[in-house]
Number of protein chains: 2
Amino acid sequence: MAPTSETLTAERILEATEEVLRRHGPAKATVVDVARALGVSHGSVYRHFRTKAALREAVTKRWLDRSSEALAGIAAADRDPEDRLRDWARGLFEAKRRKAGDDPELFATYSVLVGENGTVVGDHLDDLTGQLTRIVRDGMAAGVFAAGDPATAAGAFFQATACFHDPCHAARWRRPGIDEEFEAVVELLVRGLRGSRRPV
Amino acid sequence: MAPTSETLTAERILEATEEVLRRHGPAKATVVDVARALGVSHGSVYRHFRTKAALREAVTKRWLDRSSEALAGIAAADRDPEDRLRDWARGLFEAKRRKAGDDPELFATYSVLVGENGTVVGDHLDDLTGQLTRIVRDGMAAGVFAAGDPATAAGAFFQATACFHDPCHAARWRRPGIDEEFEAVVELLVRGLRGSRRPV
DNA sequence: CAGATGACAGATATTGAAATCTGTCATCTG
DNA sequence: CAGATGACAGATTTCAATATCTGTCATCTG
């Protein structure tokens, strides 16, 4: 809001943009608002970001990257792959549910941004399935999971748990019994990864 | 469009409403349009449906019920439960994908209606998971699937395949490789239903 | 008299004029 | 001269007046 004497950096613009998005929502947040919040002219914002879309994309990427960090720790840990897989899936679900529950409007805002930015979101999903692939590969190497293509199995696991991390299902995350449903799905998938009793 | 001398029945109103929805879309389809299409006054429509919402709900129910029928046949067949499960899931996916692909606007229209009508949709989902439960129960009875609560397992299977039947994922059904992804998820789930190699 | 009608009040949607925003760029300033 | 500015054109959004719709009901008709 008040003009600041600090140098205008991309980082400061991104912070201001997040704040404007938080206050005004995705539909009403304008580049002019961001410039006003920083006490500069909107022309200065365009010096750092070519278009409004690029600015929104950068904000989205920042947000998604922050989401990945905590999970990356779980994926890289040196522990039983099956436990890691459960913890990772639970961590992803809990994080999403907490964000959706604590500040529904902000979550809705980011859901809109995510819908706008196919490329950035695709990279984020690749990042997450990459983390999953690492866990699955470790599990196969340790003989805990049945042999197969780790990337395919990780992709299937990720898709099968979409109900518990994809924003389009957010409305259901408040229902009672959702935790039991989550556990049931994860258990079913873990058993599937372990492999079949009867030979193929 | 042209006035008809036949008696005005709920059925005829529903047909006209489907047509109006198909032509005008969910946002612009009005009760007055429906009455015009039937050549009657809108007051007559209100004699059969208390509100516009009730009319839309009835149309939604009709549509969902039609969707269930084909699958019900698969679920009730007297065949190997594992094949039945695969065919059922594949049938659900194919039907949804075909509808979304053949007439995207109509599919979008019904997606909106589905979003409006929690109760009717809930019943439909109960119907589908009921069909799945029957298959899973048969599989457990035959020893093909590991013992457990059939309803829980069926619910988990249904949620885990949401990517391939929930309209909110419709945009991804055109991507190349989607069939392989579907197969991978179903295989993983089927292996999970068969049970674990190592004792719990 | 069962069923259809259309006038009506309040709610909702449409429309077009005015305001604001996006993106560019010639100009200014430290 | 690197970086900021604000005027500008064309695109988009807002807003208030206007039109349409929803749901009711007294009245009509076969």
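**Entry 1: DNA strand C**

I listed the residues around DNA strand C and got 16, the closest being A:His42, A:Tyr46, A:Lys52, B:Ser41 and B:Ser44. I counted a residue as near the strand if one of its heavy atoms lies within 4 Å of it.

The model is predicted: local features need pLDDT of at least 70, side-chain atom pairs count only at pLDDT 80 or more, and totals for chains, interfaces and linings use all residues. Residues are numbered from 1 along each chain as its sequence is written, chains are lettered from A and ligands numbered from 1 in the order in which they are written, and side-chain values use heavy atoms, with hydrogens and water left out.

Which part of the strand faces the protein? Of the atoms of DNA strand C within 4 Å of the protein, 61% belong to sugar or phosphate, and the rest belong to bases.

I then looked up backbone N or O atoms beside phosphate oxygens of DNA strand C. B:Ser41 has one at 3.0 Å, A:Val31 has one at 3.1 Å, and A:Val32 has one at 3.3 Å. Helices here are DSSP runs (H or I, at least four residues), numbered from the N terminus. H3(B) gives the most, 4 residues.

By class, I noted 5 nonpolar, 7 polar and 4 charged residues on this surface. Ala, Val, Leu, Ile, Met, Phe, Trp, Tyr, Cys and Pro count as nonpolar, Asp, Glu, Lys and Arg as charged, and the others, Gly among them, as polar.

**Entry 2: chain A and chain B**

I found 31 residues of chain B in contact with 32 residues of chain A (heavy atoms within 4.5 Å). The two chains bury about 2,700 Å² between them, 57% of it on carbon and sulfur atoms. That area is the accessible area (1.4 Å probe) lost on putting the two parts together, summed over both.

How many salt bridges cross the interface of chain B and chain A? The rule finds 2, a salt bridge being a side-chain nitrogen of Lys or Arg within 4 Å of a carboxyl oxygen of Asp or Glu. A:Arg172 forms a salt bridge with B:Asp166, with the closest N and O atoms 2.7 Å apart.

Helix H8 (150-160) and helix H9 (178-194) of chain B each supply at least two residues of the side that touches chain A. H9(B) has the largest share of that side, 9 residues. I sorted the side of chain B that touches chain A into 16 nonpolar, 7 polar and 8 charged residues.

Notes
Polar contact = N/O pair within 3.5 Å; in protein donor to acceptor, adjacent residues only side chain to side chain.
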